[in-house]
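I am opening this notebook to keep track of what I looked up, entry by entry. The structure comes first, and my notes follow it.

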Amino acid sequence: MIDYVLPLRWEDDSGLGELTAYLRGVSRHARVIVVDGSPQELFERHAAAWRGLAAHVRPAADLRFANGKVNGVLTGLRLARAEHVVIADDDVRHDEHTLARIDALLDDAELVRPQNHFDPAPWHALWDTARTLLNRGLGADYPGTFGVRRSFFHHMGGYDGDVLFENLELVRTVRAHGGRELWPLDLYVPRRPPDARRFWSQRVRQAYDDLAQPWRMALFLPVLPALAACAVRRRCAPVAAGAGAAVALAELGRRRAGGRHVFPATAPLFAPVWVLERATCSWLALGAALCGGVPYAGRRLRRAAHSARSLRRAAGSARPSLFARALRGAVGSARPSVFVRSLRGAARSVRSSLRVAQSGRRSGSLEARKPVALCEPSQNGFVDERPQRHSATVARPAGITSPS
C-alpha cells in the first residue's frame, strides 16, 4: 500500500469537517500520516477527529528548518513504511485513481509531479490558473503534491528546508542525485482554492521565488519600464501584441493533454493580468532581497532555493554498498514482483551514484546534514511559526519554461 504524507499547521478549524471526510476516503487506499504543527488545542481536536484514519504526530523536535512544510515532509518520510509515498498539501484532493497512477509511475521514477487544478474556481483562482496555463504552455507546472520513492529520498538525505521555494529545492535535489522525474501533464489532481485574502498575501512571496532563477527575474523586471515607455510614446500596438501572446500561450497550455476538460475557458484571459502582477511584484521582491529577505513565519528567508550546480556538488560520491543493501532487502522479500522491482531500483541507484562520482563531485554540507536520518518525531511541535495552509498560490516554478 502507498503511504500518504500530509504536513499542515492551522490556526482555525473551519475546514476540519471537509478534510476529515477526505482523509476517510484516502485511508481506504493509502496509509495516511498527518504531521500537525497546529497549536495544542487544535492538535488535540485533530487527534480526536482523525483517530483511526491517520497516524497523527507533531513535527520532529530536532527539525528546525525555517520552512515549516519541509519539517512536516521530513517527519512524515521518517515514519513512512511503503516504498512509494505521496506528499500533499492540505488543500489537495486525491482519489483512488490518481493515487494508483502515481504508485504505478513511481516504479520507473524517483519523483512524480502531477498537475493541480482548482475546484471550484472563483475569480482569484482563475487569475492564478493563468500562471498554471503559462507553465504548461512552456513545460510543466509546480503542484502542491508529489510522489517520491522513499528509499531514494533517504539515500539523498532529504532536502534543505531553509529556503522559500521548497518545491524547486526538492526537484533540484532529486535531479542532483541522479533521480528521474516524471511530470505527466494529464495526471490531474484537484485542489481547493485559497480565500481572496490569502491569495493577495502570496503575491510578493511568489515573485521572490524567481530569485532562484536570476535570468527569469531579469525577464520580468523590464516589463514595467517597457509599459511606461509605451505609455509616454502612446504606442498601444506593442502592449496589445504582448497581451495577445500571453493569452495565446496560456490557451496552448490549456489545450495540452486534455486540459480543456479541467481548466475553464476564461482562464487564459487572465494571463496578461498575471504577467503585469508578476512584473510589479518582481520589483517588490528585489527590494525585499536587498533588505535581507522576504518575511516568512516570523523571520526573513533570504534564499529562494539552492542552485542546481551547488546541489550537484553537495550530492556526494558513489556508495558501492548501496546495491548490496538493496539486494539484501530484495532477497528478503517473499514476492517475486517486489524482488524484481528492488533489483531494478538498486541498479538505477548505483548508476546514478556512479554518474555523480565520475563527474568528480565531492560531498557537501547538505548531504552531511541527512535530515531524514536524525531521530524519530516527537510530540513537541513549534509554537513560533505562523500557519501554513500551502495553498495553490504557493505552487512555484523552476524556470522560464515554467513561469511561477
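I took a disulfide to be a pair of cysteine sulfur atoms within 2.5 Å. The model is a predicted one, in which local features need pLDDT of at least 70 and side-chain atom pairs count only at pLDDT 80 or more, while totals for chains, interfaces and linings use all residues. Residues are numbered from 1 along each chain as its sequence is written, and side-chain values use heavy atoms, with hydrogens and water left out.

Entry on cysteines. I looked for disulfides and found zero. The cysteine sulfur closest to that of Cys236 belongs to Cys230, and at 8.4 Å it is too far away for a bond. I also looked up burial, where buried means under 20% relative accessible area, exposed over 50%, and partly exposed in between, with a 1.4 Å probe and protein chains only. Cys230 counts as buried at 15% relative accessibility, whereas Cys236, at 60%, is exposed.

Entry on the whole chain. I counted helices (H or I, at least four residues) and strands (E, at least two) as DSSP runs, numbered from the N terminus. The protein chain has 17 helices and eleven strands, and 53% of its 404 residues count as buried. With contact meaning heavy atoms within 4.5 Å, I noted that residues 24 or more positions apart account for 82% of the contacts that have a separation of 6 or more.

Entry on nonpolar cores. I used the term for a set of buried Ala, Val, Leu, Ile, Met, Phe, Trp, Tyr and Cys residues joined through side-chain atoms within 4.5 Å. The largest such core has 44 residues, and those with the most contacts inside it include Leu74, Leu111, Phe153, Leu170 and Tyr208. Apart from that core lies another, of 27 residues, with Tyr22, Val34, Leu106 and Val189 among them.

Entry on helix α1. Which residues of helix α1 (residues 16–26) are buried? I found Leu16, Leu19, Thr20, Tyr22, Leu23 and Val26. They cover an arc of only 165° around the axis, taken from the directions from the helix axis to the C-beta atoms, which puts them on the same side of α1. What covers these buried residues includes the strands β1 (2–8) and β2 (30–36) and the helices α2 (40–49) and α4 (96–105).

Entry on Phe146. This residue is found in strand β7 (residues 145–149), and a relative accessible area of 4% makes Phe146 buried. Leaving aside neighbours within four places in sequence, I found Phe146 in contact with residues including Val85, Ile87, Leu111, Arg113, Pro114, Asn167 and Leu170.

Entry on rings. I paired rings of Phe, Tyr and Trp (its six-membered ring) if their centres lie within 6.5 Å, with planes under 30 degrees apart counted as stacked, over 60 as edge-to-face and the rest as tilted. The structure holds eleven aromatic pairs. In one of them, the rings of Trp123 and Trp200 have centres 6.1 Å apart and planes at 45°, so I recorded the pair as tilted. This pair links distant parts of the chain, since Trp123 is in helix α5 (residues 123–138) and Trp200 is in helix α8 (residues 196–201), 77 residues apart. Trp123 is partly exposed at 42%, and Trp200 counts as partly exposed at 45%. Ring pairs link Trp123, Trp127, Phe199 and Trp200 into a cluster.
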